[in-house]
Amino acid sequence: MANEPLLSMHGIDKRFGLAPALVGAHLDVLPGEVMALIGQNGAGKSTMIKVLNGFVKHDAGTIQFEGKPWAAASPEVAQRAGISTIFQEINLIPFRSVVENIYLGREIRNRAGFLRWRQMTIAAKTLLDEFGIAIDVEAPLGHYSTAIQQMVAIARAVSFNARLVIMDESTSSLDDHEVQVLFATIRRLKQQGVAVIFVSHKLDELYAVCDRVTVMRDGRTVAVASMAEMNKLQLVATMLGRDLAEVRKQGATAFSASARPPGAEVLAVENLAVGRRVTNASLNVRRGEIVGLAGLLGSGRTETARAIFGADARGGGEIRLNGKPVTFTEPHDAIASGIGFCSEDRKQEGIIPGMSVRENMTLALLPALSRSGLVDEARQRKIVERFIADIGIKCSSPDQPIRELSGGNQQKVLLARWLCMNPELLIFDEPTRGIDVGAKAEIQKLIRRLADDGLGVLMISSELEEIVEGADRTFVLRDGRTVSTFDRAEASEATLMDAMAHGTAA
Amino acid sequence: MSLDSSTTVATGGTAGLRPPGGAPPATGFRIGLAARRLGALIALAVLILLNLAITPHFATMQTLSVNLTQICTIVIVGVGMTLVIATGGIDLSVGSLMAISGALAPGFFTGALFHGGNLYVNIGFGIVIPVMVAGLFGLFNGWLVSSFRIQPIIATLILFIAGRGIAQVWTNGDLQVFKAPEFQAIALGHVLGVPFQVWIMLVFVIAAAWMLRKTVFGRQLLAVGGNEPAARLAGVPVKRVKRLVYVISGLCSGVAGLIVIAMNSAADANLIGMGVELDAIAAVAVGGTLLSGGRATVVGTLIGALIIQLVRYTLLANGVPDAAALIAKAALIVLAVWLQRQERA
Amino acid sequence: MKHRWSGAGIGVVIALALLIAFGGIRYDGFLGSYNILTVLRYNSMFALVGLGMCFVIMTGGIDLSVGSVAAMASVVSAYLSPYGLLPGLLGGVGAGLVAGTLSGLIITKLKILPFIATLAVMLAASGTGLLLANNQSVAVSYDSAFTTLGQGNLLAAFKPEWIDGDNAGWMGTALGLFFNFPTPAWIALVAYIVGSVVLNARPFGRHVLAVGGGEEASRLMGLPTDRTVFAVYLISGGLAGLAGVILAAQFGAGQPIEGIGWELFAIASVVVGGTLLTGGKGSVFTTLAGVLLLGLIFTILNFENGMGWISLSAYWQSVVRGAFLLVVVILQSRLARTAPA
């Protein structure tokens with residue numbers, strides 16, 4: 001029985017438009033097993049999960065669950081058939097009580113059709129007791145911590161008689177203690193014979209709770225192993241597609257070494273704290289250099305960048321610009337001081353989809369482009385045309401809506417949005433994510449050229465090669481703290497990986 | 001299944017690269033889009049042709065004047081409403097702000113409340129002060145929406161209720177009858193045979209259309225409605241932009257209130273601007289401004305108001321009762337918004 | 001289920017109690033049975049409309065059509081009143097249900113925002129009402145029992161003689177209130193009790209709150225979201241129709257131009273009653289408190305003017321109502337910000 005897989009997915013193909021998301025991917029889960037599913041962004045793990053719980057339909061491949069062909073039309077069908085998904089953003093209703101959240105959609109009723117609150121309340125209590133959680137189940141779910149909410153979601157799943165529970169980045173918003181409570185729950189599930197697919201970027205957690213690991217890269221399953229057989233470094237190497245022994249080959253990116261020594265310090269960040277994610281981040285950037293900011297997902301890279309830019313309030317620490325302490329309450333202020341920021345989420349936080357290339361490019365520049373509130377259109381056109389030619393933006397005309405452009409060209413427009421401001425410091429969060437190879441190289445070259453022209457660049461990237469080859473210096477964040485700093489000479493994928501996985505603050 | 005999978009793999013290698021130059025030019029899509037953008041205009045043209053064919057005495061200056069004066073206040077309020085909706089908001093208080101401005105004005109231009117020494121100074125006060133007061137109330141709306149993050153619909157509901165009360169308290173609910181031809185010229189005077197209020201309306205429409213197109217504020221306003229987080233990260237002062245659109249909406253309502261009292265030779269706080277918020281929203285929706293924000297056409301709002309008015313006029317002129325015209329208006333609104341939805345899908 | 005009052009919910013009940021206490025102490029006759037019964041009779045229509053609005057808002061929607069639907073229903077029921085109480089009642093409610101069906105279909109099938117969908121239905125209902133009534137009020141027949149729906153006191157026939165006597169004492173006053181309780185107030189009371197039971201003791205009520213608390217999450221949990229949304233507009237339409245019946249019966253005429261602004265008054269009552277405008281959280285009886293609170297402001301102003309100390313015009317009521325709404329909304333926005341995520 002133990003050798004008969006509970007779930008077996010084979011040869012799964014899925015493409016969105018022209019881009020393949022899954023290419024012959026496979027995943028096996030044994031009954032009562034906790035399987036880690038890891039991979040970089042875009043490796044295909046979330047598509048795999050969506051195929052499994054019926055969110056999207058796969059193009060090819062077979063799925064067997066409990067020995068029978070599996071075809072769920074939607075997450076709720078999957079849930080009723082025994083596979084429940086706990087999403088990253090918990091899909092429960094915070095305003096409603098814990099009891100309701102467990103029983104919504106299959107309430108216990110008497111013959112006349114009225115709700116049996118007492119019975120539901122007792123049943124909910126008993127259910128949560130099994131997980132060692134004693135809470136007031138009649139209070140609104142939103143009153144409890146994210147961890148408890150997640151536990152309630154799991155309890156709901158189990159009460160649906162789930163045989164397989166998928167946890168997608170469940171721990172990303174939990175603190176250490178909450179993670180421990182969640183792990184206790186997972187172990188209990190295991191005892192009950194329920195299998196778990198556990199998706200997380202935090203490697204330590206995988207070792208704490210998982211039995212086996214499936215690693216995905218570029219839509220393929222690249223490794224399946226028992227957690228005991230693979231150490232952290234091997235895991236990271238497999239995930240990134242690097243052979244540990246492989247000598248780093250030059251030229252994987254279009255970055256070249258810096259042309260001249262860096263100038264004066266532009267930005268200094270000391271002991272920055274932001275919300276829960278960033279506890280103690282420090283870094284600095286000088287003119288004419290590219291500074292890399294590395295770390296696993298959830299290490300607080302983006303939060304650090306947003307706090308520097310004034311997009312989120314900082315909880316503590318100091319930020320100095322050209323030596324002077326600054327406090328930005330709105331991005332507006334940071335921009336006025338010569339900082340630009342390219343968000344990692346181009347769609348949600350970058351482009352204004354309905355507006356033209358011209359409008360998008362000059363959005364930040366508008367106040368400077370105008371005389372008494374009137375946009376100087378001649379100058380605007382000249383600037384836009386210059387940048388379109390300069391950095392090779394491919395569009396039918398400056399008036400084409402930006403949503404019609406490819407990802408790489410959209411990114412170039414956003415880059416131009418800051419370049420035309422003539423800034424002193426540019427922050428890039430994943431500048432080449434979701435961009436095709438050609439455009440990627442162009443953008444990397446451009447970033448180097450900007451630094452050589454004297455701009456300070458802070459670059460966040462999940463792609464180690466980008467950091468190793470692109471950055472003149474690199475700061476590594478782990479769990480919200482700066483754990484190490486590398487010069488260009490010291491930085492290699494191995495040392496970075498080591499710091500990202502094990503590093504502790506000095 | 002297996003056949004599928006092999007073909008997928010075969011083409012998988014190159015598919016990641018997108019063709020240079022972005023998305024392939026979607027000519028058909030563009031034409032469709034243009035047709036829909038012009039849809040309102042075409043509908044208007046059809047209505048006019050239809051009327052020329054079936055409605056007696058349609059092609060007269062009087063018909064034009066009647067129809068245009070019917071929509072003047074709706075369009076002026078609609079201009080402000082278009083801008084508010086373009087940022088993703090809504091303003092229910094416009095009718096009440098019209099009442100406030102209309103109730104305030106007679107005290108000034110008749111010199112009863114405050115005498116500036118000269119008739120024209122009084123009229124100046126009678127125009128500027130009520131409009132400014134309406135603008136201040138608009139600022140209050142904007143403050144609730146931007147600083148307290150109260151949903152626009154509920155934030156402006158407060159002044160919808162209280163605003164008319166303020167106007168009624170101010171006048172004690174009494175009808176203020178007056179005769180001030182110099183003031184009433186703003187509604188009743190004619191220039192080139194066209195009522196002066198129509199000129200005012202056109203000035204508002206053109207000014208707002210020009211502002212949307214040419215000024216920093218106009219672009220920022222559309223950016224806020226199009227993608228608020230992105231606009232904020234690009235340095236757009238989101239709160240200030242939001243406050244300002246509600247102020248503008250208040251100012252527009254103030255002017256509309258003055259036109260109403262000038263037309264009636266009387267100010268009745270109980271009636272000025274009653275229900276105008278819904279007429280204005282209907283005109284905006286039919287005119288093609290996205291109700292979810294990010295795209296706005298002030299000229300469209302004018303056309304929308306004209307279409308609604310012309311449908312009503314056509315029905316009335318051909319013996320259909322006014323009440324039935326309301327039902328036609330309802331169908332028109334649903335149809336227009338449904339077409340907008342299809343466009344986004 | 002233990003009843004949990006939201007902060008705003010307790011607030012409105014306390015505010016109502018304070019307002020009643022204030023009126024009782026300050027004005028003679030404020031707590032007299034005549035005044036109490038008048039207030040209840042007059043406000044029962046608004047209470048019904050508020051109840052429907054409460055359900056709609058709990059799903060995160062809005063219904064702008066209630067006022068004109070009530071007006072149209074009043075016309076329909078006035079026409080049917082000569083045939084008796086029941087035809088008048090059913091006709092009015094039926095007209096409301098038709099309008100509710102229309103709103104529900106436009107929202108769930110055409111996927112048009114509730115605001116615009118119900119705005120259109122508002123115009124259509126208003127037009128239909130005016131057409132049916134030929135732009136005039138339609139007199140109600142006094143030959144049938146129809147008018148008792150608005151003007152009658154349901155239990156008056158069973159009232160013992162001694163209650164109205166001079167030395168009936170407080171017992172007499174209390175029983176007098178009971179036996180003289182207006183029929184429309186009974187209707188509203190029953191509607192609220194049924195509404196509360198549906199909300200708290202039927203799966204449907206939970207689904208209403210769930211859809212408002214998170215439509216996507218509700219869909220993932222397998223709830224029939226579209227059916228739930230459709231049903232609340234049906235309920236709102238039906239209750240608006242019922243309010244229209246009472247309107248016609250109370251004032252003796254079907255009134256096609258009544259009902260202007262009812263929808264926004266109802267929304268204000270619901271919000272003052274502590275129901276979140278974004279949906280997901282709400283209570284039926286605090287909505288009733290909200291209706292009475294806003295209604296009593298009018299009564300208090302009348303009494304205040306009757307005292308002769310100052311002359312506050314009745315127009316102050318809107319200003320005070322608006323101020324109430326402002327305070328509630330600002331408090332809610334503060335609560336929402338400090339509430340745990």
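Me: Take two residues as in contact if their C-beta atoms, placed from the backbone, lie within 7 Å. Of the contacts in chain A with a separation of 6 or more, what percentage comes from residues 24 or more positions apart?

Reply: 69% of them. Bear in mind that this is a predicted model.

Me: OK. And for chain C, with a separation of 6 or more?

Reply: In chain C, residues 24 or more positions apart supply 78% of those contacts.

Me: Back to chain A. How many helices and strands?

Reply: Chain A has 17 helices and 22 strands.

Me: What box do the C-alpha atoms of chain A fill?

Reply: Roughly 75 × 55 × 50 Å, with the box taken along the principal axes.

Me: How does the radius of gyration of chain A stand against a compact globule?

Reply: The two agree, because a compact globule of 506 residues would come out near 23 Å and chain A has 25 Å. As for burial, 52% of the 506 residues in chain A are buried.

Me: Chain C now. What is the secondary structure of chain C?

Reply: Chain C has 14 helices and two strands. Its radius of gyration is 20 Å, close to the 20 Å from the globule rule for 341 residues, so chain C is as compact as a globular protein of that length.

Me: And what does the C-alpha trace of chain C span?

Reply: About 65 × 50 × 40 Å along the principal axes. Buried residues account for 56% of the 341 in chain C.

Me: How many residues does the contact take from chain A and from chain C?

Reply: Chain A puts in 20 residues and chain C puts in 20 residues. On the chain A side, nine are nonpolar, five are polar and six are charged.

Me: Switching to sheets. What is the strand order in the open sheet of four strands in chain A?

Reply: The order is 2-1-4-5, and the pairing is antiparallel.

Me: Which strands stand at the edges?

Reply: Strand 2 (19–29) and strand 5 (68–69) of chain A. Each of these has a single partner strand, so one side of each is left without a neighbour in the sheet.

Me: How many bridges join strand 4 to strand 5 of chain A?

Reply: Two, and the strands run antiparallel, with strand 4 covering residues 60–65. One bridge puts A:Phe65 with A:Lys68, and A:Gln64 has A:Pro69 as its partner.

Me: How is strand 1 of chain A joined to strand 4?

Reply: By five bridges, in the antiparallel sense; strand 1 covers residues 7–16. A:Leu7 in that pairing stands opposite A:Phe65.

Me: What about strand 9 of chain A: parallel or antiparallel to strand 3?

Reply: Parallel, over four bridges, with strand 3 at residues 34–38 and strand 9 at residues 212–217. A:Leu37 is opposite A:Thr214 there. With strand 10 (residues 220–226) of chain A, strand 9 runs antiparallel over six bridges, and A:Val215 faces A:Ala223. Strands 9 and 10 of chain A also form a hairpin with two residues between them, and A:Asp218 in that turn has a positive phi of about 50 degrees.

Me: Next, chain B. Where does UniProt place the "transmembrane region" feature?

Reply: The unreviewed UniProt entry gives several spans of chain B, including residues 92–114 and 191–212. In the model, residues 92–114 of chain B are 70% helix and 0% strand, with end C-alpha atoms 31 Å apart. Residues 191–212 of chain B are 77% helix and 14% strand, and their end C-alpha atoms lie 27 Å apart.

Me: Last topic. How many residues are in the largest nonpolar core, and which have the most contacts inside it?

Reply: The core has 380 residues, and those with the most contacts inside it are A:Val165, A:Phe198, B:Val75, B:Ile333, C:Val49 and C:Ala120. Helix 11 (residues 238–264) of chain B gives the most to this core, at 16 residues.

Me: What does B:Val75 touch?

Reply: Leaving out residues up to four places away in sequence, B:Val75 touches B:Met201, B:Val205, B:Ala283, B:Thr301, B:Leu302 and B:Ala305.

Note on methods
Residues numbered from 1 in each chain as written. Chains lettered and ligands numbered in written order. Predicted model: local features only at pLDDT ≥ 70, side-chain atom pairs only at ≥ 80, totals over all residues. Pairing = 2+ DSSP bridges. Nonpolar A, V, L, I, M, F, W, Y, C, P; charged D, E, K, R; others polar. UniProt positions renumbered as here; feature names shortened; annotations may be inferred. Core = buried A, V, L, I, M, F, W, Y, C linked by C-beta atoms within 7 Å. Buried ≥ 20, exposed ≤ 12 C-beta atoms within 10 Å, placed from the backbone. Rg over C-alpha atoms; globule rule 2.2 N^0.38 Å.
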